[in-house]
Amino acid sequence: MTESPKIPDLVQSIPLEGILRIDVGLEGDWSPTVKTVWSRGRRSIDFSQVTRAHPSHKPSLELYFEGAWLGVHCFQRIDGDNVFDEERASRLIQFVETSLAS
């Protein structure tokens, strides 16, 4: 059995009520690869357009707030590639949604 992906301590320690959206892209090639995967208005998770793997760039989530953002690496190193960790991304987004609901 594999261990559930951990929510980073920093994400758990900040107030999330001001979050606007969550994007995924490749750190090192952000602009051409960035996709919004969750937003307050849409409240659904969509990984269909996410770049899945790259040998050197790292798939990352960015949590956007008014005037600030927080980047979180979201990948596993598999067979020479940095592979997007959909389970970790889903878990983090679910944590955000649960935080907003409380």
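1. Start at L63. Setting aside neighbours within four places in sequence, L63 is in contact with V11, L16, I19, R21, I22, A68, W69, L70, V72, L92 and V96. Bear in mind that this is a predicted model.

2. Several of those names return in the largest nonpolar core. That core has 22 residues. The members that touch the most others are I19, I22, L61, L63, L92 and V96. Where do its residues come from? β1 (19-27), β2 (35-39), β4 (58-65), β5 (68-73) and α3 (86-101) each supply at least two. Helix α3 gives the largest share, five residues. As background, nonpolar side chains in soluble globular proteins tend to be buried together.

3. Look next at the aromatic residues. The structure holds one aromatic pair. F47 and F84 form this pair, with an edge-to-face geometry. The centres are 5.3 Å apart, and the planes make an angle of 70 degrees. Which parts does the pair tie together? F47 lies in the loop between β2 and β3, while F84 is in strand β7, so the link joins parts 37 residues apart in sequence.

4. Are F47 and F84 buried or exposed? F47 has 7% relative accessibility and counts as buried, because the cut-off is under 20%. F84, at 6%, counts as buried as well.

5. Strand β7 also belongs to an open sheet. Three strands make up this sheet, in the order β3-β7-β6, with antiparallel pairing. β3 (53-54) and β6 (75-78) stand at the edges. Each has a single partner strand, so one side of each is left without a neighbour in the sheet.

6. Now the two pairings of β7. β3 pairs with β7 (residues 81-84) over two bridges, in the antiparallel sense. Within this pairing, H54 has N82 of β7 as its bridge partner. On the β6 side, four bridges join β6 to β7, again antiparallel. There, the bridge partner of I78 is D81 in β7.

7. β6 and β7 form a hairpin, with two residues between the strands. What is the phi of D79 in that turn? It is positive, about 50 degrees.

8. To sum up β7: this strand pairs with β3 over two bridges, is joined to β6 by four, and holds F84 of the aromatic pair.

Technical notes: Residues are numbered from 1 along each chain as its sequence is written. This is a predicted model: local features need pLDDT of at least 70, side-chain atom pairs count only at pLDDT 80 or more; totals for chains, interfaces and linings use all residues. Side-chain values use heavy atoms; hydrogens and water are left out. Two strands pair if DSSP finds at least two bridges between them. A nonpolar core is a set of buried Ala, Val, Leu, Ile, Met, Phe, Trp, Tyr and Cys residues joined through side-chain atoms within 4.5 Å. Buried means under 20% relative accessible area, exposed over 50%, partly exposed in between (1.4 Å probe, protein chains only). Contact means heavy atoms within 4.5 Å. Rings of Phe, Tyr and Trp (its six-membered ring) pair if their centres lie within 6.5 Å; planes under 30 degrees apart count as stacked, over 60 as edge-to-face and the rest as tilted.
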